[in-house]
Amino acid sequence: MIVRRTVRWLDDRLGATTFTRQALTKVFPDHWTFMLGELALYCFVILVATGTFLAFFFVPSPNEVVYRGSYQPLHGVEVSEAFASVMRISFDVRAGLVIRQAHHWAALVFLAAIVAHLSRLFFTGAFRRPRELNWIIGVTLLLLALFNGFSGYSLPDDLLSGTGLRIAYSIVLSIPLVGTWLAFLVFGGEFPAPDILSRLLVIHIYLVPLAMAGLITAHLAIVWRQKHTQFPGPGRTETNVVGSVLWPTYAARSIGLLFAIGALVAAMGGLLQINPIWLYGPFIPEAVSSPAQPDWYVGWLEGGLRIFPAWEVELFGFRIPNPFFPGVLLPAVTFALLYAWPFLEARFTGDRAEHHLLDRPRDRPLRTAIGVGVLTFYSVLLLAGSNDILARFLGVPVTGVTAVLRALVFALPVVTALAAHRVMRALRDTEARGILDLPTGRRERPVAS
Amino acid sequence: MTDRDPRRAVGGVARWFAASTAASIGLAVAYALDANAQVQGVLAAVALAALAAGFVRWSERLMPPGPYVEERHPLAAPPDEDRAADRALAGEGLPRRRFLGRMLGAALAALGVALLFPIRSLGPSPGRSLLRTAWRRGMRLVTPEGQPVAAETLQLGGVLTVFPEGRTDAADSQAILVRVDPAAITPVAGREAWAPDGNVAYSKICTHAGCPVGLYEDRTGQLFCPCHQSVFDALDGARPLTGPATRALPQLPLEVDDEGYLRSGGDFSEPVGPATWDVP
């Protein structure tokens with residue numbers, strides 16, 4: 001009764017009923033891989049909620065104070081106000097630790113969900129016309145998420161985050177022509193300069209999240225307008241969408257996913273310690289934590305810095321320093337290729353037609369092989385980001401591990417790409433079950449059209 | 001396919017929601033009692049997971065399963081609409097449109113450039129700050145706590161982080177002092193007198209990506225950067241042996257004063273820290 005009156009009231013003022021009715025009966029495909037993007041969306045929601053709580057307590061100040069909180073081992077130690085405020089959140093704000101850890105874990109899951117979502121779109125050709133725009137928005141969201149992850153774990157002003165900032169400063173310094181000025185403008189002077197924490201906070205809690213919220217809105221609006229793609233199957237054509245209606249079936253399932261990812265993040269936030277800054281200690285310019293690994297999504301950059309050989313370029317008395325190649329050129333090329341992929345593929349295949357039915361990975365063995373090779377390349381780099389731990393684990397010198405990784409980073413992608421190509425062709429020729437065809441219950445049965 | 005027995009399905013969903021309610025009450029109690037993070041996390045997880053299970057079960061067992069089919073309509077406008085849009089865009093009848101457009105473009109570009117200027121306020125000019133550190137000739141070497149360091153402070157094989165006296169805040173001036181067997185040193189030409197009694201000091205800032213070169217192995221005389229595993233030979237001008245670093249760690253000239261304390265003979269041999277385009 002109340003619902004009906006509210007709907008009528010809104011319809012009188014906004015004319016919303018027709019749209020709402022159409023929206024509620026909108027059809028969403030049922031395949032499980034279509035929920036990866038939603039997973040990322042819900043992580044963003046959790047990040048905003050937990051992050052807001054943290055922002056109420058965080059102080060972005062490098063001013064020194066004597067720690068007097070309830071963590072005894074650091075009692076009397078001089079720390080920055082920023083570090084002290086994160087210690088307060090962790091030990092003296094009730095529910096602070098679980099929310100802080102859940103925030104960090106949600107960021108890791110967020111990036112994983114984005115990468116999984118992007119991989120699904122790539123391997124099924126979902127980026128083809130007319131969806132190039134949403135591909136570009138999605139890649140931008142990945143870039144922003146990466147950046148915000150880094151700016152977030154740099155905030156607590158502990159020894160690990162200080163090390164990460166120092167490396168970031170050195171990478172900016174390495175940019176030809178403008179590096180020195182750019183580093184001084186971004187970091188507010190020679191590292192470690194006092195302004196960086198308040199700048200990072202503004203970027204981390206306002207600028208990037210707002211940009212992301214805007215882009216996510218556009219992303220969803222475009223999906224809504226263009227309607228979803230779908231896998232080929234009986235009754236599914238280029239001119240229809242087959243699946244569940246938004247209300248109530250799909251909405252209930254999606255809300256279920258929101259709570260499920262919330263449960264996962266809450267459990268991890270409570271049970272799995274992450275970024276224990278009290279073990280790293282406060283940032284001191286002449287100290288470094290070892291071993292020092294960044295969050296997983298920055299690992300490929302760290303790995304590149306570690307295994308790139310001691311080369312640099314000297315031209316007429318100027319130099320392109322070593323960190324430029326793995327630290328600037330590699331990510332620049334990575335994202336340039338990601339942005340360009342839909343257009344590159346259209347150019348090479350000559351296929352500029354509209355597509356609403358997806359490819360299965362086996363339908364395009366070459367594209368699948370390229371994707372597998374590229375993922376392998378970045379996985380080896382991620383591994384290389386832990387070459388010191390790997391060396392310790394294997395009991396061999398780190399130089400040996402680095403030499404092997406330098407070979408693997410080029411050899412392994414070729415091997416996995418060739419293997420993927422063969423497997424995809426075999427799957428295509430034999431029509432065996434593929435890995436994406438997980439049993440999804442009754443919803444996968446064919447449509448009688 | 002809704003459940004054959006809807007009452008059983010309803011019961012199942014209701015039980016999940018009841019379980020979630022119970023866990024949420026538990027969570028509130030845990031907060032009131034200031035329970036630890038593990039308890040709070042698990043209770044929150046149970047409350048959320050039970051809700052998730054309830055929703056999924058509800059959707060699977062009781063809601064219309066479909067499949068439903070929705071038609072897709074072409075995105076592009078029909079040709080006559082297209083032509084109408086062209087006419088609307090052309091804005092016919094506006095005099096001197098191109099000229100005014102150019103003047104507007106120039107004004108907006110000028111405004112854009114003027115608005116970029118405050119970016120300059122974000123940081124100081126690099127100037128010569130990357131070329132030099134706080135070290136001056138005659139400054140005593142002190143520990144991070146400010147204790148002066150004598151030529152005999154370190155045992156053979158010992159290692160210490162040092163700063164210029166009075167400038168322990170100068171992060172770019174941090175140096176690593178090691179005591180080695182004087183006979184083992186291969187001095188760089190012109191630096192023969194820089195390591196009195198086997199005390200040799202190098203910039204602690206890695207020439208690769210700026211991390212503190214914090215580890216020293218006495219057996220081999222090697223300095224090791226824990227960030228990206230660059231290795232430098234402390235016995236041979238800290239030249240890079242392996243890892244990504246391309247340049248030697250700059251060396252600090254050392255002298256011993258009348259009281260036996262170590263003093264610097266000047267600034268480092270080269271600019272410290274990671275390389276840039278124009279800093280040699």
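Guide: Just after α9(A), Lys227(A) takes a positive phi of about 65°, where helices (H or I, at least four residues) and strands (E, at least two) are DSSP runs numbered from the N terminus. This is a predicted model, in which local features need pLDDT of at least 70 and side-chain atom pairs count only at pLDDT 80 or more, while totals for chains, interfaces and linings use all residues. Residues are numbered from 1 along each chain as its sequence is written, and chains are lettered from A and ligands numbered from 1 in the order in which they are written.

Visitor: How many residues does helix α9 of chain A have, and what span does it reach?

Guide: The expected span of a helix is 1.5 Å times one less than its number of residues. Helix α9 of chain A covers residues 196–226, and its 31 residues reach 42 Å from the first C-alpha to the last, close to the 45 Å expected.

Visitor: Where does α9(A) bend?

Guide: A bend is the angle between axes fitted to the seven residues ending at a position and the seven starting there; in α9(A) that angle is about 40° at Ile203(A).

Visitor: Which residues of α9(A) are buried?

Guide: A residue is buried if 20 or more other C-beta atoms, placed from the backbone, lie within 10 Å of its own. In α9(A) the buried residues include Ile196(A), Leu200(A), His204(A) and His219(A), and among the elements covering the buried residues are α3 (36–55) and α6 (132–153) of chain A, with contact taken as C-beta atoms within 7 Å.

Visitor: How is the radius of gyration of each chain to be read against the globule rule?

Guide: The radius is taken over C-alpha atoms, and the rule is 2.2 Å times the number of residues to the power 0.38. Chain A has 16 helices and six strands; its radius of gyration is 25 Å, close to the 22 Å that the rule gives for 449 residues, so chain A is as compact as a globular protein of that length.

Visitor: Which strand does β8 of chain B pair with?

Guide: Two strands pair if DSSP finds at least two bridges between them. Strand β8 (residues 231–233) of chain B is joined by three bridges to the antiparallel strand β9 (residues 239–242) of chain B, with Asp233(B) partnered by Arg239(B). The two strands form a hairpin with five residues between them, and Gly237(B) in the turn has a positive phi of about 65°.

Methods
Buried ≥ 20, exposed ≤ 12 C-beta atoms within 10 Å, placed from the backbone. Contact = placed C-beta atoms within 7 Å.
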